[in-house]
Amino acid sequence: MKRILPVFLTALLTCSALAGCAAQQKGGSVSTDGSTSMEEVIGVLGEAFQENNDGVTFTYNPTGSGSGIQAVQEGRCDIGLSSRSLKEEEKAGGLTETVLAYDGIAVIVNPQNAVEDLDVDTIAKIYTGEITNWSELGGNDAQIVVIGREAGSGTRAGFESITGTEDACRYRQELTSTGDVITTVSQNPDAIGYASLAAVSDQVKAISVGGIAPAETTVKDGSYVIQRPFVLVTKNDAKLSDTAQKFFDFALSDEAAPLISQAGAVPVK
Amino acid sequence: MNKQKTFENMIHGIFLLLGLITVGCVLLITLYLVLAGIPAIRTIGLKDFLFNARWASTAKEPSYGILPFILTSVYGTAGAILIGVPIGFLTSVYLAKMAPAKIRMIVSGAVSLLAGIPSVVYGLVGMMVLVPGIRKLFRVPDGASLLAAIIVLAVMILPSIINVSITALEAVPKEYEDASLALGATPVETWFKVSVPAARSGIAAAVVLGVGRAIGEAMAVMMVSGNAPNLPELFGSVRFLTTAVASEMSYSSGLQRQALFSIALVLFLFIMLINAALNFFLKRSKEG
């Protein structure tokens, strides 16, 4: 399903681009390349941008953060998309990051679970199998059922990199969607899972991490630590084209903020 | 006269073309699977691919061993057959030979309905009812397991087994049964010693059809089996060949994606093997 959107978008854009060219030479184009986790956010922004600007071509190439950063470095796209901050050497290579939004990842348990708060270390120990029973954490004497996402998922990559558990997680279940994770955790009183903050419902309990409850405000001020930035990457020495600059400004405007929230992320504004 | 002949030939041509569409599809799929599946196997090494028990496709040092998936698919299918065949077979004997018309109508209707339920619905019911049920009944930490998948698969293959077996049992000539009854055999003796042996090739076909459906099912299994790439355990979280392809396909890239095609190729070979076995047994039972 996730893969269909960009293909469809590209096809749509190609059609509209051709139509646009035939009619008159106006509009221009914006090309973006990078993080698959930002697909929904960039999708709604791209759609809105095209609606507001007739004949503009907007493309998004879901290749992953690393490839997106490389693409903008090599001038193969206007704006690179990254779901992590730039490394020092990338900044030294002439790239600038502009934070578009934050993505909070909530750690969820069953509402019947007595545990309310865990710190990042403890969460990492649960996921790597060092802590296996809720009684060690002040809960019932029951084995912890560790739920996660499938290999390749952006949420999994984000969660594992923040908790430092890459390749070390011992999942009991690997589910293929946020909805499945929430349903499964809501069904099993001993389960723990993670899901994008925006998707969390009353069916499950989002625990606080290091004493900070996950919420839009705590994600925005950085006190809730299981989060990652969605970053627009641009080149220092090359000026954006007029259209690309227009999209860049639009993405960071107040107007775009509700669209970003709607796509499940926390806008910077 | 001549005009009519041309018309006849044209119709023949059209039917031939339509028939060839199926053949063409099979050839195309086979060719594509082989071409897409070979590269990863060559990179990973056939032995490592088939017999390594560790699957970690996105790790820093990735490992692509599909032994857990193969064993899970074999165990899962065997389990579903073990539960589904006795139930399905006895149901079909009952419906074909014993049941009063009214009951037969109701049960057949239910079986057809069962056949029409989409697999995602089986998965959903399994996830909401069966998985928590297994967790409570067996007091295990989590109900998503090989057992849950086996139960779902057993129910899913029932309609194919029942329908094909009924057709086979009804095709047994009535004279056989009449002769047996006339010789003093009871009806039950007649059904199991005359009707069933006479219908055995059809019943074998029903079982193989069930195997095929069970080994190829992805959606329902994915929702109840937990999907962790472990070696199969009855109460453990497991991943089948089908779900291994389906669960990682959407975000995969590079060698990971190629390896998924290789898994599909292995699955395809399994199904070819099943078909070949079916043809072999059917032929032998006809000759014997």
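1. Contact here means heavy atoms within 4.5 Å. By that rule, and leaving aside neighbours within four places in sequence, B:Phe270 is in contact with B:Ile70, B:Val74, B:Ile215 and B:Leu241. The model is predicted.

2. B:Phe270 sits in helix α12 of chain B, residues 254-287. Its relative accessibility is 22%. Buried requires under 20%, so B:Phe270 counts as partly exposed.

3. The largest nonpolar core has 52 residues. B:Leu241 is among the members that touch the most others, along with B:Phe49, B:Trp55, B:Ile66 and B:Ile263. Helix α6 of chain B, residues 146-170, gives this core its largest share: 11 residues. As background, nonpolar side chains in soluble globular proteins tend to be buried together.

4. Take B:Ile263 in more detail. Neighbours within four places in sequence are again set aside. B:Ile263 is then in contact with B:Phe49, B:Trp55, B:Ile66 and B:Leu241, and also with B:Phe69, B:Ala244 and B:Val245.

5. There is a second, separate core of 37 residues. Its members include A:Val107, A:Ala142, A:Ile192 and A:Val204.

6. B:Arg135 deserves a look. It belongs to helix α5 of chain B, residues 119-137. B:Arg135 is buried, because its relative accessible area is 13% and the cut-off is under 20%. Its contacts involve both chains, not counting residues up to four places away in sequence. From chain A they are A:Gln187, A:Asn188, A:Pro189 and A:Asp190. From chain B they are B:Val140, B:Pro141, B:Asp142 and B:Gly143.

7. Now the overall form of chain A. Its secondary structure consists of 10 helices and 12 strands. The radius of gyration is 20 Å; a compact globule of 269 residues would have one near 18 Å, so the value agrees. The C-alpha trace spans about 70 × 35 × 30 Å along its principal axes.

8. Burial and contact range in chain A. Of its 269 residues, 52% count as buried. Among contacts with a separation of 6 or more, 74% come from residues 24 or more positions apart.

9. Surface and charge in chain A. Chain A carries 19 positive and 35 negative side chains. The centres of these two sets lie 4 Å apart.

Notes. Residues numbered from 1 in each chain as written. Chains lettered and ligands numbered in written order. Predicted model: local features only at pLDDT ≥ 70, side-chain atom pairs only at ≥ 80, totals over all residues. Heavy atoms only, no water. Core = buried A, V, L, I, M, F, W, Y, C linked by side-chain atoms within 4.5 Å. Buried < 20%, exposed > 50% of the residue type's maximum accessible area, 1.4 Å probe, protein only. Helix = DSSP H or I, 4+ residues; strand = E, 2+ residues; numbered from the N terminus. Rg over C-alpha atoms; globule rule 2.2 N^0.38 Å. Lys, Arg positive; Asp, Glu negative; His and termini not counted. Charge placed at Lys NZ, Arg CZ, Asp CG, Glu CD.
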